[in-house]
Amino acid sequence: MVQKIFQYIEQNRENIVRYWISTYYTQSEEYTQRKEYDGFLMTQAQEITQLFHMINQQLQQNYVSTSVFQNVGEDRKDIGTPLLETVHYFHLVFTATLEYLYQQLQQNKFTCSNTALYQYTLLLRKLEIQAEQDLILGYMK
């Protein structure tokens, strides 16, 4: 059941964000340029964790508004992150979510049916496409 995956992701959202940061974000030019600023990484982690929570809650209710990603796009433009990097690392959040979930499944720390996993993956992909459009719209403002 997909609900089980939603709950697991919600319970582990901070771990997923840490995984994304350590695996991907620390390789970004944005991080390289701003890692010296006090609290920058912590602020990034909090922002992504809050977005995770909000979107996960919406997915569970079969309602998703991705307009908040316009704000993320605007913020990235304002701090000078190139659009291609913004979009690339945005997609890697979704990649990290699935990688984390698959790792947990492989390590038998979580179980779900293949059907639920497919349904969750499809929902995540639809969300990713919709949110990407808002991210780019926000960046173009």
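Start with helix α4, residues 40-60. Its 21 residues should span 30 Å at 1.5 Å a residue, and its end C-alpha atoms are 30 Å apart, so the two agree. The expected span is 1.5 Å times one less than the number of residues. Helices here are DSSP runs of H or I with at least four residues, strands are E runs of at least two, and numbering starts from the N terminus.

A note on the source: this is a predicted model, so local features need pLDDT of at least 70, side-chain atom pairs count only at pLDDT 80 or more, and totals for chains, interfaces and linings use all residues. Residues are numbered from 1 along each chain as its sequence is written, and side-chain values use heavy atoms, with hydrogens and water left out.

Stay on α4 and show side chains. Which residues of α4 are buried? They are Phe40, Gln44, Glu47, Ile48, Thr49, Leu51, Phe52, Ile55, Asn56, Gln58 and Leu59. Buried means under 20% relative accessible area, exposed over 50%, and partly exposed in between (1.4 Å probe, protein chains only).

Now show what surrounds them. The buried residues of α4 pack against α1 (2-11), α2 (13-23), α3 (29-34), α5 (68-78), α6 (83-106) and α7 (114-140). Contact means heavy atoms within 4.5 Å.

Next, select asparagine 62. This residue follows α4, and its phi is positive, near 55°.

Move to α6. This helix has 24 residues and reaches 35 Å from first C-alpha to last, close to the 34 Å expected at 1.5 Å a residue. Just after α6, pick asparagine 108: its phi is positive too, about 55°.

Select glutamine 33, in helix α3. Is glutamine 33 buried or partly exposed? Glutamine 33 is partly exposed, with a relative accessible area of 45%.

Zoom out to the whole chain. There are 7 helices and 0 strands. The C-alpha trace spans about 45 × 30 × 20 Å along its principal axes. With 141 residues, a compact globule would have a radius of gyration near 14 Å; the chain has 15 Å, which agrees. That radius is taken over C-alpha atoms, and the globule rule is 2.2 Å times the number of residues to the power 0.38.

Finally, colour by burial: 45% of the 141 residues count as buried.
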